[in-house]
Amino acid sequence: MSKQLEGNVALVTGGLRGIGLAAVQKLLEKGAKVWIGDLTAADDGVVSSTLSGLSGDVAYVRLDVTDEQSWIDAIAKIDEADGRLDVLVNNAGIDGTGRIQDMTLDLWRKVQAVNSDGAFLGVKHGFALMEKSGKDRKGGSSIVNVSSIMGFVAFPESAAYCASKGAIRNFTKACAVEFAAYGVPIRANSVHPGFVQTPLLDEGFQRMVSRGVAEKAQDLKDQVASSTPVNRLADPDEIATAIAFLATEDASYMTGSEVVVDGGYLAR
Ligand SMILES: NC(=O)c1ccc[n+]([C@@H]2O[C@H](COP(=O)([O-])OP(=O)(O)OC[C@H]3O[C@@H](n4cnc5c(N)ncnc54)[C@H](O)[C@@H]3O)[C@@H](O)[C@H]2O)c1
């Protein structure tokens, strides 16, 4: 694999597992120094075992994407250590299922806080370092916001998640046109996965089983696989490939784009 990101620094939020961890691996393979930002304490064994399972220049910073001070501290740490930030992957996300009339305002706000406010805070506080780094990069530095097919279409009992993923989809376009209008060398694009085999999906299905929606999580998995034209779930690696492409200078003319990686789900 060519080292297109040699000399570049990336931050992946929610990078300890699932799609985020797969994106970390892909960016490392392309030669970037990668920071993982996640909720777990830096001295937790999960962090050391995850880092030791990766090859390349990888570091960890504790980051709660909903907390503005946490972003300020994380970006300051990256600036102090590396003095640049070329790629920001706003990947951290949670679901939050239930019927609208039963959903608490607290749960609604929690989902927006992680999935939507988290990306806003990342762009706001990453801006200065990314603007500086983007000046010596073809097309500028790169923000990749992880949305979902649920940023386009809806499913029952997923209102908070759908709203948050629609918000991040159009927030991405707002970043793209505003940066272009002001000559800021930062691109911004969104990635829209279909159903991906990750802990988020497993835990969501498990909660649905506890609520009596289905007998087994596997039945729900089979249902979403059969509702997808290619008849299977995605591997996280298949989403990470698109994220890593958008991070490179090969995507220098792409900004404000929606990259759908969904096994054909939205094509029907
Ligand atoms: N799995 C899917 O089918 C699917 C489909 C479409 C979109 N997505 C999106 O992809 C992204 C990653 O999903 P995943 O399936 O890998 O999820 P996951 O639950 O497996 O991993 C998410 C990671 O985000 C971290 N995180 C959660 N809240 C955080 C916070 N406040 N601050 C920092 N980190 C936080 C978690 O600790 C975890 O490591 C999410 O934005 C999700 O909405 C997933």
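**Exercise 1. In which sense do strand 5 and strand 6 pair, parallel or antiparallel, and over how many bridges?**

Solution. Start with the ground rules. This is a predicted model, in which local features need pLDDT of at least 70, side-chain atom pairs count only at pLDDT 80 or more, and totals for chains, interfaces and linings use all residues. Residues are numbered from 1 along each chain as its sequence is written.

Next, find the elements: helices (H or I, at least four residues) and strands (E, at least two) are DSSP runs, numbered from the N terminus. Strands count as paired if DSSP finds at least two bridges between them. Strand 5 covers residues 141-146 and strand 6 residues 186-193; they pair in the parallel sense, over six bridges. As one check, V146 has V191 of strand 6 as its bridge partner.

**Exercise 2. Work out the strand order of the sheet and name its edge strands.**

Solution. Seven strands make an open sheet with parallel pairing, ordered 3-2-1-4-5-6-7. Strand 3 (58-62) and strand 7 (258-261) are the edges, each pairing on one side only. From one strand to the next, the twist averages 20°.

**Exercise 3. Find which strands helix 5 lies across, and its angle to strand 6.**

Solution. Contact requires C-beta atoms, placed from the backbone, within 7 Å. Axes are lines fitted to C-alpha atoms, for helices over the stretch in contact, and angles run from 0 to 180 degrees between N-to-C directions. Helix 5 (residues 159-181) lies across strand 5, strand 6 and strand 7, at about 160° to strand 6.

Note on methods: Two residues are in contact if their C-beta atoms, placed from the backbone, lie within 7 Å.
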